[in-house]
Amino acid sequence: MRTKKDINLIKSLLLEHFNEPITELRFKNLYELLVCVMLSAQCTDKRVNLITPALFSAYPNVTALANANLSSLKLLINSCSFFNNKATNLIKMAKSVVENFNGEIPLDEKGLMSLAGVGQKTAHVVLIEHMGANLMAVDTHVFRVSHRLGLSSAKTPELTEVDLTKAFKTELNWLHQAMVLFGRYTCKAVKPNCTECFLYELCHSKDKIINE
């Protein structure tokens, strides 16, 4: 793990370069946010943003989605990865919201995670984006960045989240999205853009491309 000094420097540089960043998913309300985040699992935000206009036109609210025809829903999202499972979970999620929460999407971790297709990461992203909750969510980008920077050596996203929460403590909502964007555009899985990396001097990863 990094020293406290290194952690604070990494934190300040991330917050400096990504000033109160927000998700690249496009949505208008809590219902649309939850659906977008569920669709984004192992799928790009860009792809989700192409799918959702027609989806939200057909199913503009949670009640409409709860009554959706499964085959019709699959057709609307079939360019998304794992669309069969996602379509099933979207309908189950909506039915649960209608039946168990009076049509109001719950805004607590336990309530969200009781919904089909909503794990800890999805719940945290919803709470981060909707209400700025001081939570960390670990997707593939955050996992890669945190390990390359030596902020965690944990084997799972859940344990990595524990390490990051303990290391950073505050402003986790901004740091989550900063690490997502940093991983998406700079610290990429293949051919990381090390020459333009503002954390270059703090990186000791074996994947680091040494500047000439």
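A cavity here is a set of points, on a 1 Å grid over the protein atoms alone, where a 1.4 Å probe fits but cannot get out; its volume is the space filled by probe spheres set on the points, with grid points joined across faces, edges and corners. By that rule, the largest cavity holds about 120 Å³ of space. Do keep in mind that this is a predicted model, in which local features need pLDDT of at least 70 and side-chain atom pairs count only at pLDDT 80 or more, while totals for chains, interfaces and linings use all residues. Residues are numbered from 1 along each chain as its sequence is written, and side-chain values use heavy atoms, with hydrogens and water left out.

**The cavity**
- Searching the whole structure turns up one cavity of 30 Å³ or more.
- Its lining (residues with an atom within 4 Å of a point) has 14 residues, and C187, P192, C194, C197 and C203 lie nearest the centre.
- Eight lining residues are nonpolar, three polar and three charged, where Ala, Val, Leu, Ile, Met, Phe, Trp, Tyr, Cys and Pro count as nonpolar, Asp, Glu, Lys and Arg as charged, and the others, Gly among them, as polar.

**Helix 9 and S146**
- Helix 9 covers residues 140-148 and includes S146; helices are DSSP runs of H or I with at least four residues, numbered from the N terminus.
- At the N-terminal end, D139 caps helix 9, with a side-chain oxygen 3.0 Å from the backbone nitrogen of H141.
- After helix 9 comes G150, with a positive phi near 75°.
- H141, V142, R144, V145, S146 and R148 are the buried residues of helix 9 (buried means under 20% relative accessible area, with a 1.4 Å probe and protein chains only).
- These buried residues pack against helix 10 (157-168) and helix 11 (172-185).
- S146 counts as buried because its relative accessibility is 0%.
- The S146 side chain reaches the backbone oxygen of F143 at 3.0 Å.
- Leaving aside residues up to four places away in sequence, S146 touches L151, S152, T160, L164 and M179 (contact means heavy atoms within 4.5 Å).

**Positive phi in loops**
- Most residues other than glycine have a negative phi.
- E20, not a glycine, has a positive phi of about 50°, and lies in the loop between helix 1 (4-17) and helix 2 (30-39).
- F82 also has a positive phi, near 55°, in the loop between helix 5 (70-77) and helix 6 (83-100).

Terms used. Helices (H or I, at least four residues) and strands (E, at least two) are DSSP runs, numbered from the N terminus. Buried means under 20% relative accessible area, exposed over 50%, partly exposed in between (1.4 Å probe, protein chains only). A polar contact is a pair of N or O atoms within 3.5 Å; within protein, one must be able to donate a hydrogen and the other to accept it, and residues adjacent in sequence count only if both atoms are side-chain atoms. On a 1 Å grid over the protein atoms alone, a cavity is a set of points where a 1.4 Å probe fits but cannot get out, and a pocket is an open set with protein on both sides within 12 Å along at least five of seven lines; lining residues have an atom within 4 Å of a point.
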